[in-house]
Each structure stands twice: as structure tokens, then as C-alpha cells.
Amino acid sequence: MDMIPQVHASLGEQELAAVAEVFASGWPAGQGPRGKALEAELAQRYGVGGAVAVSNCGAALHLALLALGVRPGDEVIVADYTFPAPAHAVRYVDAVPVFADVRADTGTVDPQAVADLIGPRTVGVIAVDTVGLPADYAELKSIADRHGLFVVEDAACAVGATYQGREAGALAPVACLSFHGRKGATSGEGGALLTEDPALAADARIRSSFGIGSIFDQAQVVGLPIPVFTEIGFNYKLSDIAAAILQVQIGRIDELLGRRRAVAARYAELLADEELITLPHVPQDRTHAWQSYMVTLDPGVDRAAVAADLRAQGVGCGHGTWASHLQPVYETKQTCPVSADLFERNLAIPMHAELSMNQVERVAEVLRSALKTHARPHGA
Ligand SMILES: *Cc1c(COP(=O)(O)O)cnc(C)c1O
């Protein structure tokens, strides 16, 4: 049976050649020549004052909150329907995540929900470009400006997406990217912090490196100046091996995203008249990076049974993403009914750049028949 995986990274000969160059250079660690070149490329691509290459997006979020001066006990409003890295990052700095519900049609944070949650301890908002679809930054910015709050864009899934003509990753003063193996551009693990503020970037870079400057740079200096530690930083550096892979991947974004777009367009054609699911909605003013393709099942469909059928027939699938507030670790009494509903009814079907159109057709066929088998009759 031809297995159709839900996700599959597009890494090949070009990336291998880039890794071979790093091996030959003798500097595989972080903040070396490849890391610096990657940071320069990211700053240029996103038109930002600073880009910091880091080990993952969770680290980027942590560094962002530290650089923004979030203090213990502060409240940070986070989009609820997401991989819960934003709420985790808030907890890393002993602050309090406040969960904001999302729009039913896009799964992105509902600006009205954000406005309703602002209180005396609120210092900022982390919006998420949900599985690659940008949030409502115009509305979020106007709310944040009115209340003096920061906005961080979690663009982990959104490399290549746009909002009102601008690149995801440049939609808020600070943004975090992920280059994890399940995202659109990857080095296995990896991330970046992007910001219009060079001082904030410098702060994040020092904290990503134990609180001192680049060791590679030190070795190039004439004489023997001994660097000093100025922060209790972390080791969140991205290796030059990963940076070299990412330079290739960033150069391939248009190609890889083009293939994901074609898959999404074909799913939309094949499933348009299927009454038991709602297809992803992309508002006119933005484009999707299609990190995942999530369909919302009719309340009368048994999702677990559909998923089991798909997997039994070699079609990978998953629940999509999480309702953060329902994760026991946060011990919150908040409710986010829209997010909870999407968490219960969404199904992620295969989406990556290596899918053939034959495979896409087979997924649609298997999904349609599983839906029919596992739909409870209306009113029952
Ligand atoms: C994947 C993901 C992350 C975590 O990224 P890592 O690079 O694995 O740390 C953070 N936020 C969102 C929205 C994600 O989807």
C-alpha cells in the first residue's frame, strides 16, 4: 500500500552540499560565518533591523519576552488555538498566560476577545499565524497601541504567508519563526527572532549565547581581549550546520510554497461539495503558508473513527493543533469555546511539498468515504 504521510520535509542534495561545506570549514557551532550570513539574509528578506538565528521557536519566544522586559506576575494575552509554545514562553518568565479565544472561520486570535481580556497587569499580546494563516494585525495593533501593549507575532508556521501585502514574520514589531521539521522551511530544529528594533535583537542575541558575544568573532580579534559575561544567558544558538541548511531552504520558499498551494487548491476543488466538512477559509487580505491543511468536521461525524479509517488505508492525519487553555499544565479556569470546538472537530490531512496530485486525489476519495461511513444521521 502506498503510504501518504501527513508531513514530509523537503530536504535533498542542495542541503547536503551546504552541510558538506560547513564540515570542510571546521566551524560547525553557532554564530559562525553561516549563522551570520543567514541572519543577514533574514533581515534583508523581512526588511527588519535585526534577525537572530536560534535553536527553535520556543527559544525565540522566550528571548522575545525577556527582551521586552516581561516581569513575574505580568499578564500576557496569548492566542488559544495553537501549539502552546506561546503560553509556555509566558510561563518561562513567571508571567501569567491569559488565553484569548479565536475566530471560528480562521482559527486566528479574535481581536475582540483580546480587547475584552485587557486588565491592569496586561503587558502584551502574542498572536499566532494559525498553521500558516496570519492573524488580524491591523485590529490587534490598534488595540495594543490604545493600551500601550507589545505585540509579538508567532509566525512559526507562516514562512511565505502574507497579510495586506506584507510578509508574515514582519507583521508585528517582534516575530518568531520556527524551522522545525514539520514547518515549511526546515533545518530539522531551528528558529529565528525578527525585530524592527536592533537593540532588542542585540539583547536577544547576547542572551542566546550564555550572555557573551560570538566566540567565533573573539577568535578573529588581534591580541587577547577577554570577553565578559553580562547576562545569565542561555545556549539557544543555531548551529552553523543548521544555518547552512536554512540558507538553501529560504532560497527554495517560493518553490516549496508553490507546491503546497497547488495541493490546497486541488483539495478545495475535490472537496468543495462535501457537506460533512468545512474547508479552510482564507480572507481576501492574506495568503496562507499551508503548514497544515485542516478541515472542520460536521458535529455529527465521529472524528476518531474517520482518522482510524484514514490511517488504516495509509493516509496520515492528525487532530490539527491544540486548545491551549485545556492543557492541564496551565491550571486555568478560563474557557475559549470556539477554540475548544475547533480542537474537537478539526482534522489535519496530508499537506507537504512532496505530495503528487494522484496522492491528493486518493486522500480526498478516502476521506469522503470515511465521512460517509462515520456520519451520524442528523437529529439522531
Ligand atoms: C511549531 C510551533 C512552535 C514551536 O516551534 P519550535 O521551533 O519547535 O520550538 C511555536 N509556535 C507555533 C505556533 C508552532 O506551530
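How many nonpolar, polar and charged residues does the lining of the second largest cavity have, by class? The exercises below lead to that count and to the other spaces in the structure.

The model is predicted, so local features need pLDDT of at least 70 and side-chain atom pairs count only at pLDDT 80 or more, whereas totals for chains, interfaces and linings use all residues. Residues are numbered from 1 along each chain as its sequence is written, and side-chain values use heavy atoms, with hydrogens and water left out.

**Exercise 1. Describe the second largest cavity and its lining, and state where it lies.**

Step 1. A cavity is a set of points, on a 1 Å grid over the protein atoms alone, where a 1.4 Å probe fits but cannot get out, and its lining residues have an atom within 4 Å of a point. The volume of the second largest cavity is about 50 Å³, a volume being the space filled by probe spheres set on the points, which are joined across faces, edges and corners.

Step 2. Its lining consists of His8, Ala9, Ser10, Lys183, Gly184, Thr186, Gln249, Leu256, Arg260 and Ala353. Sorted by class, these are three nonpolar, five polar and two charged residues, where Ala, Val, Leu, Ile, Met, Phe, Trp, Tyr, Cys and Pro count as nonpolar, Asp, Glu, Lys and Arg as charged, and the others, Gly among them, as polar.

Step 3. Because domain 1 (13-252) and domain 2 (254-373) both give residues to this lining, the second largest cavity lies between them; the domain bounds come from an automatic or database domain assignment.

**Exercise 2. Identify the residues that line the largest cavity, and the domains from which they are drawn.**

Step 1. Val159, Gly184, Ala185, Ile253, Leu256, Leu257, Arg260 and Ala289 form the lining of the largest cavity, which by class has six nonpolar, one polar and one charged residues.

Step 2. Domain 1 (13-252) and domain 2 (254-373) each supply at least three residues of the lining of the largest cavity.

**Exercise 3. Characterise the largest pocket by its volume, its lining and its position.**

Step 1. A pocket is an open set of grid points with protein on both sides within 12 Å along at least five of seven lines. The largest pocket has a volume of about 670 Å³, and of the 35 residues that line it, Phe83, His180, Arg182, Lys183 and Trp322 lie nearest its centre.

Step 2. Helix H3 (57-67) and helix H4 (85-92) each contribute at least two residues to this lining, and H4 gives the most, with four residues; helices are DSSP runs (H or I, at least four residues) numbered from the N terminus.

Step 3. The lining of the largest pocket comprises 14 nonpolar, 15 polar and six charged residues. Since domain 1 (13-252) and domain 2 (254-373) both give residues to it, the largest pocket lies between them.
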